[in-house]
Amino acid sequence: MFDWWKSTKPWTKKSTDGARVGGPQIILEELRSRVPRYLDDVDNGKLIYPACKRALSDIDGDVRAVWDHTRLEAMRYVMAVPGRDFGLLSTPARQIEMIDAYLFQRPHEDTVIDFTGTTTADFAIAILAGLNWMTHCAQLSGVQRTQQSGTIRNFRKLVTLAQQWWLTDGAVERCGQMLASGAQPPLMLYLIWSEYTRLAKQITAAAIFGSSIERSAKLVALPANLIPRFETARDPGDLSDT
């Protein structure tokens with residue numbers, strides 16, 4: 001998570017259909033289509049919600065789907081911000097504006113939220129709601145308390161590091177060069193996406209494998225190579241063929 005300022009390796013991910021994709025606009029386009037579709041499936045009773053409550057025998061109860069859907073559940077708050085001015089999360093020249101607004105926002109514990117009409121504040125409120133949702137799911141799935149604690153505080157530290165990066169001379173130009181090469185600069189969208197992905201992986205591990213991966217491997221019939229693949233995966237798409 002903390003190698004974005006020095007990465008020379010192009011940043012890509014696998015979408016759920018196995019295709020390699022990358023870049024903030026591609027992530028946003030995917031979320032614009034997938035989040036509403038997922039919520040419609042939940043509203044119509046097609047899927048157990050939240051995803052962390054599914055069993056392996058349920059529809060989309062596999063490791064990849066639970067990880068992916070848990071992340072979507074957190075991202076739904078950001079995607080619901082009125083005005084949909086996602087440039088605040090993805091445009092290099094606007095990152096300080098968004099980061100300052102996030103750091104100014106007082107933490108809250110809500111997963112049911114009201115927006116203010118000020119877009120920067122609304123994004124900050126939505127990001128915090130997503131983090132709170134992850135904490136809620138962590139409690140439901142039995143994630144160890146040591147892993148649950150400090151979720152908002154830890155993300156604030158990450159955003160503060162990003163703020164320092166953006167305040168250095170030439171940051172906007174350097175970001176443009178990184179994006180052109182396929183690398184991952186500290187855009188707010190990337191920070192949110194990476195953190196939700198990391199937290200959703202912890203939740204999935206607890207929900208599917210139990211408190212001990214080593215113990216549950218003896219108790220649950222799973223593909224022989226699934227656990228090591230899951231441990232090394234950075235994105236649900238890395239498990240797309242399981």
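A residue counts as buried under 20% relative accessible area, as exposed over 50%, and as partly exposed in between. The exercises below use this cut-off on a predicted model.

**Exercise 1. Determine whether arginine 198 is buried, partly exposed or exposed, and do likewise for glutamate 195, its salt-bridge partner.**

Step 1. The relative accessibility of arginine 198 is 31%, and because this lies between the two limits the residue counts as partly exposed.

Step 2. Glutamate 195 has a relative accessible area of 2%, so this residue is buried.

Step 3. The side chains of these two residues meet in a salt bridge, with 2.9 Å from N to O. Side chains of opposite charge can pair when their charged atoms come close.

Step 4. Glutamate 195 and arginine 198 are three residues apart in helix α9, and therefore about one helical turn separates them.

Step 5. Elsewhere, salt bridges with shared partners join Glu30, Arg34, Asp68, Arg71 and Asp235 into one network.

**Exercise 2. Describe the salt bridge of arginine 34 with glutamate 30, and then that of arginine 94 with glutamate 97.**

Step 1. A search of the whole structure finds eight salt bridges, and one of them links arginine 34 to glutamate 30, whose closest N and O atoms are 3.7 Å apart.

Step 2. Both of these residues belong to helix α1, which covers residues 24-43, and they are four residues apart, about one turn of the helix. An α-helix has 3.6 residues a turn, so residues three or four places apart point the same way.

Step 3. Arginine 34 and glutamate 30 are both buried.

Step 4. Arginine 94 and glutamate 97 also form a salt bridge, and here the closest N and O atoms are 3.7 Å apart. Arginine 94 counts as partly exposed because its relative accessibility is 25%, and glutamate 97, at 41%, counts as partly exposed too.

**Exercise 3. Work out how helix α5 and helix α9 pack, and which residues meet between them.**

Step 1. Two packed helices are described by the angle between their axes and the distance between the axes.

Step 2. For α5 (residues 119-141) and α9 (residues 188-209), the angle is about 10 degrees and the axes are 9 Å apart. Angles under 35 degrees count as roughly parallel, which means that α5 is roughly parallel to α9.

Step 3. On the α5 side the meeting residues include Ala126, Ile127, Gly130 and Leu131, and on the α9 side they include Met188, Ile192, Glu195 and Tyr196.

Step 4. Sorted by class, the contact of α5 with α9 has 14 nonpolar, two polar and one charged residues.

**Exercise 4. Summarise the chain as a whole.**

Step 1. Of the 242 residues in the chain, 50% are buried.

Key: Residues are numbered from 1 along each chain as its sequence is written. This is a predicted model: local features need pLDDT of at least 70, side-chain atom pairs count only at pLDDT 80 or more; totals for chains, interfaces and linings use all residues. Side-chain values use heavy atoms; hydrogens and water are left out. Axes are lines fitted to C-alpha atoms, for helices over the stretch in contact, and angles run from 0 to 180 degrees between N-to-C directions. Helices (H or I, at least four residues) and strands (E, at least two) are DSSP runs, numbered from the N terminus. Angles under 35 degrees count as roughly parallel, over 145 as roughly antiparallel, 65 to 115 as roughly perpendicular and the rest as oblique. Contact means heavy atoms within 4.5 Å. Ala, Val, Leu, Ile, Met, Phe, Trp, Tyr, Cys and Pro count as nonpolar, Asp, Glu, Lys and Arg as charged, and the others, Gly among them, as polar. A salt bridge is a side-chain nitrogen of Lys or Arg within 4 Å of a carboxyl oxygen of Asp or Glu. Buried means under 20% relative accessible area, exposed over 50%, partly exposed in between (1.4 Å probe, protein chains only).
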